[in-house]
Amino acid sequence: MILVIAIALWAVEIYIRNHTRELMSEKDLEKIFQDKVDNEVKIEPKDWMPDAYRKTLVRQISQHAHSEVVGMLPEANWITRAPSLTRKVALLAKIQDEAGHGLYLYSACETLGVERDETIEDLHSGKAKYSSIFNYPTLTWADIGAIGWLVDGAAIMNQVPLCRCSFGPYSRAMIRVCKEESFHQRQGYSIMLKMAQGTAEQKRMAQDAINRWWWPALMMFGPNDSDSEHSAQSMKWKIKRFSNDELRQRFLDMTVPQCHLLGCEVPDPDLKFNEETGHWEMGEIDWDEFWNVVKGNGKCNRERLRARKGAYDNGEWVREAALAYAEKKRKRKAAAAA
Ligand code: BYC
């Protein structure tokens with residue numbers, strides 16, 4: 001049924017493009033666009049779309065790409081100190097996956113007409129945001145467990161619905177990303193389990209990591225719905241399928257029992273289970289801390305940007321070599337064709 005609607009809408013759009021587009025008002029084009037969204041037909045890069053939809057996607061996808069790439073840094077801090085070869089291999093694989101996620105997402109962003117260099121420049125200048133979570137330090141090996149379990153766990157909760165995002169390239173990128181995130185989450189929980197069942201010192205480290213990562217992980221979902229500037233419109237466009245608070249609640253319900261299974265405590269004195277609703281209820285998030293980090297004043301914001309800029313500058317010779325090689329190949333091909 002969806003396929004039939006898709007073909008019909010596609011045929012109408014081709015006809016419109018060829019014959020009447022210049023005669024159509026913005027309102028008509030917008031109606032066709034919204035009908036597609038409402039009928040679960042993906043919007044593709046060359047389709048007509050409202051400017052604000054394009055802008056929202058560029059904002060969200062580029063922030064997401066930056067988060068993946070900056071997100072490699074806290075974990076990279078522990079590659080050389082992983083406690084065994086097996087743990088080291090798994091951590092390396094996870095971090096490489098994140099680089100790959102960043103690349104899919106930068107490509108998805110380019111389909112909307114923005115240059116990658118421009119997007120990356122916005123990160124380096126501090127104009128573009130990336131997830132608040134990556135501005136916290138990784139102090140012990142248990143932090144690597146907490147990141148995999150809580151941070152990737154929160155990311156999956158947010159990203160599974162993005163597999164159904166109305167914009168084709170973003171939704172397709174998310175399908176691949178989510179498969180890998182699920183391995184990341186499990187490797188994190190496996191580290192936490194090992195430490196929670198270990199010596200008293202290891203158990204203390206596990207609890208300490210939970211204490212420091214719990215609240216920042218809950219902040220990852222963004223401000224409460226009442227303060228979420230973009231949610232209503234993004235949900236109408238089916239970029240977002242669930243609100244920030246809905247996803248945060250799902251994460252809480254999933255994670256509290258996992259924490260108890262570790263034999264650890266959730267660092268929230270107000271946490272309680274509501275028998276009537278069947279949901280966990282949490283205390284108030286410290287939104288001042290969240291906005292302070294988002295505005296660039298978290299513990300590691302400056303260090304993260306310095307590291308990204310350094311990596312970009314050090315990679316200059318690789319970009320130059322790749323361009324020189326492409327030019328050499330082009331010339332050879334032209335000479336062979338002459
Ligand atoms: N941090 O109206 P709202 C990963 C901003 S990486 C910073 O609710 P929206 C991983 C928001 O941008 C996965 N800023 O916005 C990698 C907006 O400001 P602007 C990261 C935040 O877009 C390595 C303002 O607050 N995931 O998994 O409707 C290792 C108002 O918010 C944050 C994604 O990027 C935040 N946490 O909803 C391990 C998912 N939250 O832009 C793991 C894709 C909000 O107007 N993004 N803000 O200046 C999304 O799903 C949505 O953009 C959000 C926010 C739910 C995050």
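Helices (H or I, at least four residues) and strands (E, at least two) are taken here as DSSP runs, numbered from the N terminus. The structure is a predicted model, in which local features need pLDDT of at least 70 and side-chain atom pairs count only at pLDDT 80 or more, while totals for chains, interfaces and linings use all residues. Residues are numbered from 1 along each chain as its sequence is written, and side-chain values use heavy atoms, with hydrogens and water left out.

Oxygen atoms of the ligand lie 2.7 Å from a polar side-chain atom of serine 228, 2.8 Å from a side-chain N or O atom of glutamine 63 and 2.9 Å from a polar side-chain atom of arginine 59. The protein covers 92% of the 1100 Å² of accessible area that the ligand has on its own (Shrake-Rupley method, 1.4 Å probe; for residues, only the protein chains shown count as cover).

Attention now turns to empty space. Rolling a probe the size of a water molecule over the atoms shows where such space is left. On a 1 Å grid over the protein atoms alone, a cavity is a set of points where a 1.4 Å probe fits but cannot get out, and a pocket is an open set with protein on both sides within 12 Å along at least five of seven lines; lining residues have an atom within 4 Å of a point. Grid points are joined across faces, edges and corners, and a volume is the space filled by probe spheres set on the points.

The second largest pocket contains about 280 Å³ of space. Its lining comprises 14 residues, with Val69, Leu103, Tyr106, Ile120 and Arg308 nearest the centre. H5, H6 (116-124) and H13 (301-314) each give two or more residues to this lining, and the largest share, five residues, comes from H6. Nine of the lining residues are nonpolar, one is polar and four are charged.

Among the residues lining the second largest cavity are Glu40, Arg164, Lys238 and Arg241. This lining has three nonpolar, one polar and five charged residues.

Most residues other than glycine have a negative phi, yet glutamate 40 has a positive phi near 65° and lysine 238 one of about 55°. Glutamate 40 sits in the loop between H2 (26-38) and H3 and is partly exposed, at 33% relative accessibility. Lysine 238, in the loop between H10 (231-236) and H11 (244-261), is buried at 17% (buried, under 20% relative accessible area; exposed, over 50%; partly exposed, in between; 1.4 Å probe, protein chains only).

Note on methods
A polar contact is a pair of N or O atoms within 3.5 Å; within protein, one must be able to donate a hydrogen and the other to accept it, and residues adjacent in sequence count only if both atoms are side-chain atoms. Ala, Val, Leu, Ile, Met, Phe, Trp, Tyr, Cys and Pro count as nonpolar, Asp, Glu, Lys and Arg as charged, and the others, Gly among them, as polar.
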